[in-house]
Amino acid sequence: MREEARTVGEGEASDVADVIDERPAFQRREWRVNRVAWVVLVLILLAGLAGLWGGGALGQARVTGADGRLQVDYDRFVRNLGESTLQVRFPPGSAHEGSIRLSLSQDYLADNEVMATTPDPMSVTAEGDRLVYEFGVRGDGPLTVTFDLRPNSGLGVLEATVGGTSARPVRIRQLVYP
């Protein structure tokens, strides 16, 4: 009797699977796609928290020159044709004859549209492969220069050298994404 019950039970399970159109191979594939989608969503969320979409812990970077006379704050990840800020700080005592000179790589500036420079420079001159901005300084105070930029180079990595009259230059790198 037990053998008959097993045979009937197995046959019924098969009939039920046919009635409800159950396909185990399809279900396994659907579960795999579902798991991959969840992993992708979690990775996107973690990238956002890290700063890939702007802000975040890894999105902002600060580089200080070896001599401490120059500090550059910038966005590590920038969007092509988006908005970005490059901020350069000079501590008190950086001025020479009432002005501070700040140099930036011409290649970097060619890959960015300079929307604004605050404060306005007294002069801008080309010296080799860089542009040199000269800013007037009252007394011997600090200076903070802000460049509002719009990257227009397309996808890739932008590199720049930022320097000053009395400061050793620093290098920065930014990832431009679409």
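Residues are numbered from 1 along each chain as its sequence is written, and side-chain values rest on heavy atoms, with hydrogens and water left out. Because the model is predicted, local features need pLDDT of at least 70 and side-chain atom pairs count only at pLDDT 80 or more, whereas totals for chains, interfaces and linings use all residues.

The protein contains three helices and 11 strands, where helices (H or I, at least four residues) and strands (E, at least two) are DSSP runs numbered from the N terminus. Read from the N terminus on, the elements follow the order α-α-β-β-β-β-β-α-β-β-β-β-β-β. Of the 178 residues, 29% count as buried, that is, under 20% relative accessible area with a 1.4 Å probe and protein chains only, exposed being over 50% and partly exposed in between. Among contacts (heavy atoms within 4.5 Å) between residues at least 6 apart in sequence, 62% join residues at least 24 apart.

Five strands form an open sheet in the order S1-S2-S4-S9-S6 with antiparallel pairing, two strands being paired if DSSP finds at least two bridges between them. Strand S1 (60-64) and strand S6 (112-118) are the edge strands, each pairing on one side only. Neighbouring strands of this sheet are turned by 20° against each other on average, direction ignored; the axes are lines fitted to C-alpha atoms, and angles run from 0 to 180 degrees between N-to-C directions.

In S1, Ala61 and Val63 make up a covered face, while Gln60, Arg62 and Thr64 make up an uncovered one.

The largest pocket has a volume of about 180 Å³. A pocket is an open set of points on a 1 Å grid over the protein atoms alone, where a 1.4 Å probe fits, with protein on both sides within 12 Å along at least five of seven lines, and lining residues have an atom within 4 Å of a point. Of the 16 lining residues, Ser103, Arg130, Val132, Gly163 and Gly164 are the closest to the centre of the pocket. The elements giving two or more residues to this lining are strand S5 (99-105), strand S8 (130-136), strand S10 (156-164) and strand S11 (167-177), and S5 gives the most, with five residues.

Notes. Points joined across faces, edges and corners; volume = space filled by probe spheres on them.
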